[in-house]
Amino acid sequence: MAMVTCMGAALVSCSDAEADGPGRSAKATAAARLSGLAQKAADTGSLGVIVRIDSGDGKPVEIARQAAWTKDDHRLAADDRFRVGSNTKTVTATLVLQQVADKRISLDDTVEQWLPGLVEGAEDITVRMLLNHTSGLGDFLLTPQFLPSLTGKDKRAWTPQKLLAITPAQDPPAEPGEKYSYSNANYEALGLILEKATGSGLAELIKKKITGPLGMKDSYLAKKAVWNTGQQHVTGYEPDAERLKAILSGTVDLPEGVGFAGPERSGDNIDTSVIDPSWSWAAGGMVSTAQDWQRFLTALNSGELLPKAQLEQMRTTVDAPEEGGGYGLGLMRVDTACGTVWGHTGGLPGYSSEIYTDASGRRSVAVLTSTNFGIKEKKAAAANKALVEAAACQMLGKSQPADSPAG
């Protein structure tokens with residue numbers, strides 16, 4: 001039977017059927033409805049969904065739902081490890097701002113000061129511009145050189161230096177500081193600056209400054225495709241080449257025959273779990289769990305990890321309507337149907353995530369989805385958006401949107 005698990009002082013398991021009974025609490029009603037939305041999203045194209053909501057009352061709601069055929073690969077659990085992708089950028093930005101507070105790095109330093117000769121036009125690009133994606137740099141993701149690695153067909157190892165070397169200018173071109181345009185190259189450069197400023201490797205810095213102090217025992221920076229042993233991890237899926245081309249038609253012009261490498265699965269899907277994510281590094285290389293990442297975001301937005309001045313700088317945003325609001329220094333402001341939340345999104349082949357807190361950092365929500373390009377299909381996107389909106393509303397203590405039926 002499908003279960004909604006409420007974690008309190010004692011473990012209480014409440015089935016959907018039990019939650020439908022007389023006298024159920026408002027929280028149980030909302031959790032049951034959210035569970036229905038999660039299953040609908042899974043069946044509509046999200047494939048696997050983990051939702052975790054912490055309202056700050058010591059009784060988080062945890063939901064794990066999946067399409068029936070994916071159970072042959074693994075049984076999804078709320079504490080599974082997950083590739084959180086570009087949520088990593090918030091960790092990288094936090095580390096940079098800690099160094100700013102310690103006066104080792106200035107937001108007005110030029111990239112050329114730190115990485116001489118490595119980045120085109122670096123004399124006019126500042127650390128701040130890297131952090132808020134106004135550097136004028138394009139992205140390497142869909143370049144002919146890198147695309148085979150993104151899809152898992154090319155097994156070469158990429159260093160940040162090599163990725164920066166193939167990074168194009170924005171198209172159309174933009175001067176540094178002129179406009180927001182999201183680029184993973186910005187955070188590859190920031191990772192190198194961090195290592196130069198501290199003399200420590202990025203993985204070591206993350207453990208020393210973030211995951212260690214916060215007790216994030218299930219979180220680490222991926223160095224290869226093989227998952228650390230000892231805990232179940234989410235299997236990720238993407239559409240096969242034919243379906244992928246149809247999904248991206250009109251938005252991305254993929255070369256003929258481009259598709260993901262991996263075992264073929266049901267419904268024209270490919271298992272992408274073996275694709276090496278280590279190239280994403282400071283831009284997206286973290287593996288974590290819903291609970292661990294909520295612990296990090298809660299600590300950050302409540303002021304535990306940064307002085308007040310640096311947290312205010314982090315929350316100073318530029319317009320980023322494509323992100324749902326604004327982009328600060330490694331932190332997104334997203335305006336939901338029930339209010340403003342702070343956090344980030346993440347996407348790697350087979351993995352998509354949205355993890356947020358309220359302004360105080362006391363409440364948090366995570367929605368993890370076991371496909372990325374797959375939820376760009378119209379029906380899948382609508383079902384996933386309805387789930388995220390409902391989860392954010394429940395986190396904020398407000399009624400779920402009336403136009404998000406669990407159906």
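Where is the place of P172?

A: P172 sits in the loop between α7 and α8 (helices are DSSP H or I runs of at least four residues and strands are E runs of at least two, numbered from the N terminus). Keep in mind that this is a predicted model, where local features need pLDDT of at least 70, side-chain atom pairs count only at pLDDT 80 or more, and totals for chains, interfaces and linings use all residues. Numbering runs from 1 along each chain as its sequence is written, and side-chain values use heavy atoms, with hydrogens and water left out.

What to look at here is the peptide bond joining D171 to P172: it's cis, with omega at about 0°. Another proline, P168, lies in the loop between α7 (160-165) and α8 (184-198). P168 is partly exposed, at 32% relative accessible area (buried is under 20%, exposed over 50%, partly exposed in between, with a 1.4 Å probe and protein chains only). Leaving aside neighbours within four places in sequence, P168 is in contact (heavy atoms within 4.5 Å) with L137, G138, D139, F140 and T143. The C-alpha atoms of P168 and G136 are 9.6 Å apart, though 32 residues separate the two along the chain.

H133, in the loop between α5 (127-131) and α6 (147-150), has phi near 60°, which is positive in a residue other than glycine. H133 is also buried, with 0% relative accessible area. L47, in the loop between α2 and β3 (48-54), has a positive phi too, near 75°, and is buried at 7%.

On the α2 side the contact includes A30, L34 and A41, and on the α14 side A383, L387 and A390 are among the residues involved.

C338 is in the loop between β13 (332-336) and β14 (339-348) while C393 is in α14, so the pair ties together parts 55 residues apart in sequence. The S-S torsion is about 95°, so this disulfide is right-handed. Both C338 and C393 are buried.

Methods. Disulfide = S-S within 2.5 Å.
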